Amino acid sequence: MARSSSKKPPEAPADPMPARIEPCVAMLVDKPPKGRDWAFEVKWDGYRLAVHIEPSRGRIITRGGYDWTDRFPAIAAEARLLGLKTAILDGEAVVLDGHGRSDFGLLQRALGRRPSLHDPREILFFAFDLLYLDGRDLRRLPLGERRRLLEPIVGAGRTGFVRLSEEVVADGDEFYRIACEHGLEGIVAKRRDKPYQSGRRLDWQKIKCVRSDSFVIVGYEPSTLPGAIGRLLLAARKGEGLVYVGGCGTGWTYQESLKLRELLDAIRTDQPAVALKRKAAVFTTPVLVAEAEYRAWTQDGKLRHPSFKGIRQRQDDAMIFAMP
């Protein structure tokens, strides 16, 4: 008679931990989707980051794949204290205003190299997805299962630098209305039954209360005030190049304008990145990206009533607006 073996079946080999995962990016739509398969969250206005927890270190990777651990030391340090051997958390770094709303301008100032009223320790990380955990790649699991594994790790109501971006159980239209009434940027809808797929996907949708996008700064027009900026000259992508989409002259204080002009004067160029002739224009190398809110587009492809929110670096792979 054959003996029954007491040996345990071999464990499945661990999934290698990815050095970087290209994020899933929400598609902009006009209104919230309907149905029970959709989960809703607040849309955070900050920097999209992946927090990598490894046995000997913590790393923070931007959407474009750059290591910005040194810019978010408090988040990296606290992530190492979550009690995990290895993990990748997907989420957003933000600074909250006095009403608990994320504010990109405050985040940009907190990250700035110049003295600021905002301390880098005000920067929080709101985790909304778990992509890898202790040797297991979770991307093939549906969102609902990934969230079930994430929530005990971060914990609803948790304080500190690493927090949970909580799901809101509500009708999408009603949640969107309330979010806009409270001055939030918008909401995000995600399919609970779908795996994690990199790139821009309709499985994740964003609905904005105010339109805002990223545009390349190609120059500026000086202000009548000494040393300040009158208007930023902005461009969007069109094919392989850039096209001018208008000027932005509001959204900063005088002191911020002085600093912005100093920054742009350091990258002046005689070779404009767009076809534009303006007597007073000072052109700059297109390496900085402005986040701007606006109401709509004019018929000739210009921004209507844009307002400056802050600066991103192009190396962060900011999603620069692309003209159709």
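Visitor: Where is His305 found?
Guide: His305 lies in the loop between strand E17 (303–304) and E18. Helices (H or I, at least four residues) and strands (E, at least two) are DSSP runs, numbered from the N terminus. This is a predicted model, in which local features need pLDDT of at least 70 and side-chain atom pairs count only at pLDDT 80 or more, while totals for chains, interfaces and linings use all residues. Residues are numbered from 1 along each chain as its sequence is written, and side-chain values use heavy atoms, with hydrogens and water left out.

Visitor: What makes His305 exposed?
Guide: The relative accessible area of His305 is 52%. Exposed means over 50%, buried under 20%, and partly exposed in between (1.4 Å probe, protein chains only), so His305 counts as exposed. Phi of His305 is near 55°, a positive value in a residue other than glycine.

Visitor: Why is Asp134 called partly exposed?
Guide: Asp134 has a relative accessible area of 42%, which falls between the two cut-offs. Asp134 is in the loop between E6 and strand E7 (136–137), and its phi is also positive, near 45°.

Visitor: Why is the pair of Phe215 and Phe321 called tilted?
Guide: Rings of Phe, Tyr and Trp (its six-membered ring) pair if their centres lie within 6.5 Å; planes under 30 degrees apart count as stacked, over 60 as edge-to-face and the rest as tilted. Here the centres are 5.9 Å apart and the planes are at 35°, so the pair is tilted. The pair links distant parts of the chain, 106 residues apart: Phe215 is in strand E11 (residues 211–222) and Phe321 in the segment after strand E18 (307–313).

Visitor: What makes the charged end of Arg71 sit over the ring of Trp68?
Guide: The requirement is that NZ of Lys or CZ of Arg is within 6 Å of the ring centre and within 35 degrees of the ring normal. The charged end of Arg71 sits over the ring of Trp68, 4.0 Å from its centre. The charged end of Lys190 sits over the ring of Trp204, again 4.0 Å from its centre.

Visitor: How do you know that the span of helix H3 agrees with what it should be?
Guide: The expected span is 1.5 Å times one less than the number of residues. H3 (residues 143–154) has twelve residues and should span 16 Å; its end C-alpha atoms are 16 Å apart, which agrees.

Visitor: What puts the buried residues of H3 on one side?
Guide: The buried residues are Leu143, Arg146, Arg147, Leu149, Leu150, Ile153 and Val154. They cover an arc of only 165°, which puts them on the same side of H3; the arc is that of the directions from the helix axis to the C-beta atoms. What covers them, by contact (heavy atoms within 4.5 Å), includes strand E5 (87–94) and strand E10 (199–208).

Visitor: Why is E5 called largely enclosed?
Guide: Eight of the eight residues of E5 are buried, so E5 is largely enclosed by the rest of the structure.

Visitor: How do you know that E5 and E6 pair?
Guide: Two strands pair if DSSP finds at least two bridges between them. E5 and E6 have eight bridges, in the antiparallel sense, and Ile88 has Tyr132 in E6 as its bridge partner. Strand E3 (residues 47–54) is joined to E5 by seven bridges, also antiparallel.
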